[in-house]
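Welcome, and take a moment to look around before reading on.

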Number of protein chains: 4
Amino acid sequence: MHPDKKQTIIEAAMELFADKGFEGTSIRELAAKAGVNIAMVNYYFGSKEKLFEAMVEEKSTYFRERLNSILIDESKNELQKIDTIIEDYVNRITSQHKYHRVIHQELMLQQRESLHENIIAVFAKNKEVLKKIIDQGVKKKVFRKVDPELTIVTLFGTMHQALLSKSMCKFLIAKDANFDPYTDEAFKKRLINHIKQVMHAHLSHQP
Amino acid sequence: MHPDKKQTIIEAAMELFADKGFEGTSIRELAAKAGVNIAMVNYYFGSKEKLFEAMVEEKSTYFRERLNSILIDESKNELQKIDTIIEDYVNRITSQHKYHRVIHQELMLQQRESLHENIIAVFAKNKEVLKKIIDQGVKKKVFRKVDPELTIVTLFGTMHQALLSKSMCKFLIAKDANFDPYTDEAFKKRLINHIKQVMHAHLSHQP
Amino acid sequence: MHPDKKQTIIEAAMELFADKGFEGTSIRELAAKAGVNIAMVNYYFGSKEKLFEAMVEEKSTYFRERLNSILIDESKNELQKIDTIIEDYVNRITSQHKYHRVIHQELMLQQRESLHENIIAVFAKNKEVLKKIIDQGVKKKVFRKVDPELTIVTLFGTMHQALLSKSMCKFLIAKDANFDPYTDEAFKKRLINHIKQVMHAHLSHQP
Amino acid sequence: MHPDKKQTIIEAAMELFADKGFEGTSIRELAAKAGVNIAMVNYYFGSKEKLFEAMVEEKSTYFRERLNSILIDESKNELQKIDTIIEDYVNRITSQHKYHRVIHQELMLQQRESLHENIIAVFAKNKEVLKKIIDQGVKKKVFRKVDPELTIVTLFGTMHQALLSKSMCKFLIAKDANFDPYTDEAFKKRLINHIKQVMHAHLSHQP
DNA sequence: GATGAATGAGAATTCATTCAT
DNA sequence: CATGAATGAATTCTCATTCAT
């Protein structure tokens with residue numbers, strides 16, 4: 001029964017931290033949402049901050065183990081690998097947008113900066129994989145030389161900008177108010193196509 | 001002395017809100033930073049939230065009045081206009097990064113959502129200007145047809161991702177620790193070049 | 001222009017103190033209601049408490065000078081004098097109900113007790129007049145011997161109980177909601193008749 | 001330990017609200033008087049206002065359940081019932097004078113008016129019982145026809161006027177200063193006799 | 001292990017008052 | 001004379017955390 005409750009708390013925390021921020025979320029409402037006793041958070045995690053760290057750690061562990069499979073997939077050429085990464089990312093972010101929102105917020109604040117290292121490490125690893133793919137493409141002369149760090153920044157940045165704010169989503173989709181942008185397949189497709197188009201153009205040799 | 005103090009408070013607020021978030025900033029420390037009495041915030045603005053609104057309003061007013069000059073500049077062709085916008089944006093965001101950070105955070109939270117409208121409106125106006133430029137380019141057959149909303153999303157998204165987090169900046173620049181990324185001209189140039197490259201490739205006809 | 005502003009403040013104070021109590025009224029709203037500067041209250045009266053005292057003093061001075069005329073009126077017998085007093089009181093309280101409410105409240109609290117003396121003195125004087133009338137009636141054998149203090153307590157108590165609470169008024173009148181009980185002549189007449197009836201029965205010899 | 005502390009707080013609140021009014025009482029001193037932590041009031045009751053409501057509710061519940069026993073007592077005739085009610089009321093008010101003071105104050109203010117309904121309901125029920133007794137007496141031709149609402153107003157009003165203000169009590173008793181009027185049996189008897197006399201005269205047929 | 005009660009520190013805000021002009 | 005700005009003290013209330021059971 002331990003891990004279940006811990007998990008319930010973490011899920012509730014992610015939900016609330018994403019919507020209200022870390023400081024904007026009180027342990028009281030967090031416990032209420034998770035359906036556990038107020039004292040449980042400190043009991044299990046030691047403090048509100050430690051809970052936050054646990055949440056980040058758990059989720060980032062989950063994300064760390066991806067991507068390599070794409071890298072070594074020999075059935076795809078470099079451009080196809082890029083396409084797969086784009087699709088993969090968009091799907092990840094839409095399905096886990098609350099978590100990405102929390103991370104994104106956290107990275108902008110100058111508090112709990114010890115966590116930044118952790119987050120940046122994940123980002124760095126992703127960059128490395130992408131860099132390897134690009135380097136292969138360059139070696140094979142199918143790609144031109146680009147800035148690998150900033151290329152992944154454009155990749156992530158576009159997705160984050162498009163997906164992490166509900167208000168922004170609504171503006172971009174321009175449809176009736178209260179529907180969930182994160183399950184709208186048409187928008188996901190539109191976004192994937194756009195990023196592919198940008199990346200193809202960016203990576204391919206110019207005329 | 002009236003407007004000065006108000007301004008001092010707003011500046012201190014922006015600084016702290018950017019670094020610690022709205023809820024993470026207490027009026028106490030805000031007043032201390034601004035060098036005013038603790039009661040002044042409520043005296044001038046009525047509440048912490050109203051101060052926040054005042055800050056957003058003031059700054060967004062400032063940003064609303066740009067961009068049109070670029071649109072109507074007849075000495076530039078469409079691609080040059082895009083380039084100018086990119087340079088303009090990067091300069092703006094680096095010089096006002098704290099403000100952009102606050103706005104960016106705010107847009108992700110589901111609190112004080114009444115402000116989102118205001119913020120999105122500024123974004124929408126920027127998009128309109130960009131769209132006009134793109135449309136002109138398309139009509140003149142120098143640009144291909146692209147998704148205008150998502151194109152500006154990529155533009156903003158890349159900059160925000162690269163600039164709004166200090167940790168991200170440091171990772172990207174990969175230089176010694178405590179130097180200020182927002183005054184590093186080399187990095188700015190690198191970023192501008194990257195975005196220009198991406199945009200040129202994206203907008204121009206493919207081979 | 002002095003006395004006018006002072007008067008305006010006193011009137012506003014009476015209004016607000018009656019509805020919200022002394023502590024429940026802030027100088028800010030008081031000044032707003034009176035249409036004067038916030039600093040005027042302290043400027044004219046020295047403090048909020050002194051304003052209160054000034055208000056009580058002024059109004060009680062006004063009420064102190066009544067009643068003697070009734071006492072010495074030779075055209076009326078004792079019962080007629082009692083009747084006149086009842087009518088006079090009911091009219092006074094209805095027309096000055098806010099003030100009476102303030103006084104009544106004040107007398108119940110154990111704060112600013114120095115004012116109680118003042119208020120009780122007015123009450124005492126009223127009692128003295130009534131006592132003289134009753135004593136005359138007793139001497140003429142038209143009244144029986146009664147407790148003069150408690151008789152005036154019944155007199156005042158009935159009126160206060162009936163008139164000083166709007167909710168109580170509404171309950172007693174049992175009419176449609178938002179009308180002003182203090183201008184309802186029918187209710188005033190009903191109240192006067194009741195008190196006269198009570199007093200006549202109380203003072204006259206029993207069968 | 002739960003109900004005890006709640007009760008302690010309620011008792012302290014009644015004490016202080018009676019002496020200083022609701023707004024004149026701070027949670028700080030309330031907690032100090034009750035000997036509990038300053039946060040307990042909000043912990044138990046949610047807010048100062050809710051504490052007030054809880055106090056009123058609890059006490060009014062207590063008073064709601066009386067009186068009917070007198071109504072159905074077949075061993076007493078109507079006048080005896082009235083006498084019993086008078087004695088009962090005077091005893092109640094003297095023993096619970098703080099509570100009655102709070103209620104009485106509250107009814108005069110135009111704040112927290114939602115509570116008025118509650119209070120008036122208790123008053124209304126008392127009136128109904130009294131009205132039934134009077135109606136019986138009228139039917140048996142031992143009473144004359146009177147205004148039942150205002151008759152109970154006189155009953156309550158006299159007691160409130162005599163008992164709810166310490167200063168008024170002292171004036172009426174005219175004895176040495178610091179003794180407690182609420183335990184002075186002589187004064188209670190005097191008051192009871194006066195009210196009985198008034199009510200007998202008021203209700204019986206006139207000569 | 002698990003929890004409801006309890007708490008001290010600190011939050012935002014409002015207050016009556018003062019003071020420079 | 002009169003006032004808007006300014007302030008320190010005090011307000012209610014919420015917070016994360018602890019502790020006895």
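Let us begin with one residue: D:Thr151 lies in helix α9 of chain D, which runs over residues 148–163. Please keep in mind that this is a predicted model. Is D:Thr151 buried or exposed? With a relative accessible area of 1%, D:Thr151 is buried, because the cut-off for that word is under 20%.

The side chain of D:Thr151 has a polar partner: a polar contact of 3.1 Å links it to the side chain of D:His202. Beyond the neighbours within four places in sequence, D:Thr151 is in contact with C:His194 from chain C, and with D:Leu130, D:Ile134, D:Val146, D:Met199 and D:His202 from chain D.

At a relative accessible area of 3%, D:Thr154 is buried. Which residues does D:Thr154 contact, once neighbours within four places in sequence are left aside? They are C:Thr154, C:Thr158, C:His194, C:Val198 and D:Met199.

Sequence and space can also be set side by side here. D:Thr154 and D:Val198 are separated by 44 residues in sequence, while their C-alpha atoms are 9.3 Å apart in space.

## How the chains pair up

Now to the copies. Chain B can be superposed on chain A, with an RMSD of 0.1 Å, by a rotation of 180° and a shift of 0.0 Å along the axis. This is how a two-fold axis relates two copies. Within chain B, B:Gly157 has the C-alpha nearest that axis, at 2.1 Å from it. Both copies use the same surface, as 100% of the contact residues of chain B recur in chain A.

Chain A and chain C do not touch, and their nearest C-alpha atoms are 32 Å from each other. Chain B and chain D do not touch either, with 21 Å between their nearest C-alpha atoms.

## Chain A as a whole

How many helices and strands does chain A have? The count is 11 helices and 0 strands. The C-alpha trace of chain A spans about 65 × 40 × 35 Å along its principal axes. Of the 207 residues in chain A, 57% are buried. Taking contacts in chain A between residues at least 6 apart in sequence, 67% join residues that are at least 24 apart.

One stretch of chain A carries a label from a record. An unreviewed UniProt entry annotates residues 26–45 of chain A as "DNA-binding region". Over these residues the chain is 70% helix and 0% strand, and the end C-alpha atoms lie 15 Å apart.

Helix α11 of chain B takes in residues 185–203. Its 19 residues should span 27 Å at 1.5 Å a residue, and the 26 Å between its end C-alpha atoms agrees with that. The buried residues of α11(B) include B:Phe187, B:Leu191, B:His194, B:Val198, B:Met199 and B:His202. What do the buried residues of α11(B) pack against? In chain A they pack against α9 and α11, and in chain B against α6, α8, α9 and α10.

Helix α7 of chain C covers residues 97–108, and its 12 residues reach 17 Å from the first C-alpha to the last, close to the expected 16 Å. Since 12 of the 12 residues of α7(C) are buried, this helix is largely enclosed by the rest of the structure. Among the buried residues are C:His97, C:Tyr99, C:Arg101, C:Glu106 and C:Met108.

## A look at the cysteines

A last stop concerns sulfur. A disulfide is a covalent bond between the sulfur atoms of two cysteines. Over all chains, the structure holds 0 disulfides. A:Cys169 is buried, at 0% relative accessibility, and C:Cys169 is buried at 0% too.

Definitions and conventions: Residues are numbered from 1 along each chain as its sequence is written. Chains are lettered from A and ligands numbered from 1 in the order in which they are written. This is a predicted model: local features need pLDDT of at least 70, side-chain atom pairs count only at pLDDT 80 or more; totals for chains, interfaces and linings use all residues. Side-chain values use heavy atoms; hydrogens and water are left out. Helices (H or I, at least four residues) and strands (E, at least two) are DSSP runs, numbered from the N terminus. Buried means under 20% relative accessible area, exposed over 50%, partly exposed in between (1.4 Å probe, protein chains only). A polar contact is a pair of N or O atoms within 3.5 Å; within protein, one must be able to donate a hydrogen and the other to accept it, and residues adjacent in sequence count only if both atoms are side-chain atoms. Contact means heavy atoms within 4.5 Å. A disulfide is a pair of cysteine sulfur atoms within 2.5 Å. Copies are superposed by least squares on the C-alpha atoms of residues with pLDDT of at least 70 in both. UniProt positions are given in the numbering used here, feature names are shortened, and annotations may be inferred rather than shown by experiment. The expected span of a helix is 1.5 Å times one less than its number of residues.
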